[in-house]
Amino acid sequence: MLSMLRVSPAQALIKRANFASWSQRGLASVPSTMKAMVVSQVGPADALKLDSKHPVPAISDGQVLVKNEFAGINFIDTYHRSGLYKRDLPFICGQEGGGYIAQTTPKAEAQGFKVGDKVVYSILQTYCEYSAVPSAKLQPVPDNVGLDVATSCVVQGMTAHYLVSDAHAQLIKPGEWCLIHGVGGGTCQWAAQMAKLRGYKVIGTTSKSKEAVGRSTGCDELIVLDEVPGTSYEDYTSVDVVKRVLEITNGVGVKCVVDGIGKNTVDISIDSLARRGIFVSFGNASGAVPAFPVLRLINKSAYVTRPKLLDYTTDRQEMLYRSNEIFKWLGDGKLKVSVDKVYALDKAAEAHEYLEAGKSTGKVLLKI
Ligand SMILES: NC(=O)c1ccc[n+]([C@@H]2O[C@H](COP(=O)([O-])OP(=O)(O)OC[C@H]3O[C@@H](n4cnc5c(N)ncnc54)[C@H](OP(=O)(O)O)[C@@H]3O)[C@@H](O)[C@H]2O)c1
């Protein structure tokens, strides 16, 4: 099955020969094969298998070849691996990477990219040593931001940015309350800090074991929940979150809820809203949000949105507006990213298990 992903050695040579006429820089140091973590059959974490002789992708004009230093692990990777979200088999897992440009092409060079540039990006196929990346997808990383931290920004950081900047359709104003679930976890640890930078008052929820991380986000109020016995997940029945939210907001509720937990929090989220507030349901860490009647929103004339990152990075300008602001906050020390764990590339299955167990208190990365 792996051979389906392979180009023949002859094809690879032809593509390399074409490339040689474009740019010689870095060419000599690029091997013909690489290590990659490949899924040939969907299933549990051990569906991720090491292919140590995977062909290095050939690049076409307008692309660059990135020598990856890090790949980020995201929940969506586990959905691809398990088959919840369908992909053609076999595939190299991952959709977040960071490294240095090893080869360029004329169109990429015309856009200002050169060999050695430090970049991060989001495309499919990143659990591997080299990725062919369209230059339009590249985010240049400033010198004062490390590649580990920058790679961590690509999905969770950019997601947090659009959640607190745009997904709420400006139905919340600075000085008003928002509720963010799971602020001890990945995306929402960022979202809480960014919501504060945007001037909102933030109520966070967190499990006891992630309380320290939750507090470090600077939430105005933190609701600390017990864990579901035998797990590290928040038990949303252990505290009456809606009651606490109404106490904190003097009975008004919050103008925006940011919810990546899904099934276990949907009722809390809707019931915590203020009049004409918005429920931003961006994820399903505890399971998919069940269908509910629209009439349910009438009580508060509430809004609901189910956004995704792709629709908030629609072009290069929008992508760079987000990444540049994030890198500026990081460089100025206004935003902190905790890299929780770094696994070797061939330990990607362990990294998936760790994420799926809900244990992460920050970004989980692969060191390539
Ligand atoms: N729409 C988008 O643009 C977008 C972008 C990125 C991610 N997402 C989605 O958002 C969700 C969260 O992603 P993330 O990257 O923030 O993940 P994460 O870093 O692992 O955080 C998820 C949090 O959910 C909490 N949680 C509660 N119940 C859980 C359960 N039953 N299983 C696992 N976790 C549980 C955990 O906190 P506690 O341990 O404190 O409970 C954990 O901190 C995922 O569904 C992901 O696919 C969507």
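UniProt, in an unreviewed entry, places the feature "domain: Enoyl reductase (ER)" at residues 43-366; UniProt positions follow the numbering used here, feature names are shortened, and annotations may be inferred rather than shown by experiment. In that span, the end C-alpha atoms lie 20 Å apart, with 28% helix and 25% strand. Helices (H or I, at least four residues) and strands (E, at least two) are DSSP runs, numbered from the N terminus.

A quick word on ground rules, friends. This is a predicted model, where local features need pLDDT of at least 70 and side-chain atom pairs count only at pLDDT 80 or more, while totals for chains, interfaces and linings use all residues. Residues are numbered from 1 along each chain as its sequence is written, and side-chain values use heavy atoms, with hydrogens and water left out.

Now, the domains. The chain is divided into domain 1 (2-154 + 313-367) and domain 2 (168-306), with bounds that come from an automatic or database domain assignment. Their centres, taken over C-alpha atoms, are separated by 31 Å. Domain 1 brings 21 residues to the contact and domain 2 brings 14, contact being heavy atoms within 4.5 Å. About 1,400 Å² is buried between the two, and carbon and sulfur atoms give 54% of that; buried area is the accessible area (1.4 Å probe) that two parts lose on being put together, summed over both. On the domain 1 side, Trp329, Leu335 and Thr361 lose the most area to domain 2, together 32% of what that side buries.

Leu330 touches Val145, Val149, Cys153, Leu335 and Val337, leaving aside residues up to four places away in sequence.

Last stop, a sheet. Three strands form an open, antiparallel sheet in the order E2-E1-E4; two strands pair if DSSP finds at least two bridges between them. Strand E1 (residues 33-39) is joined to E4 by two bridges, and Val39 has Phe91 as its bridge partner in E4.
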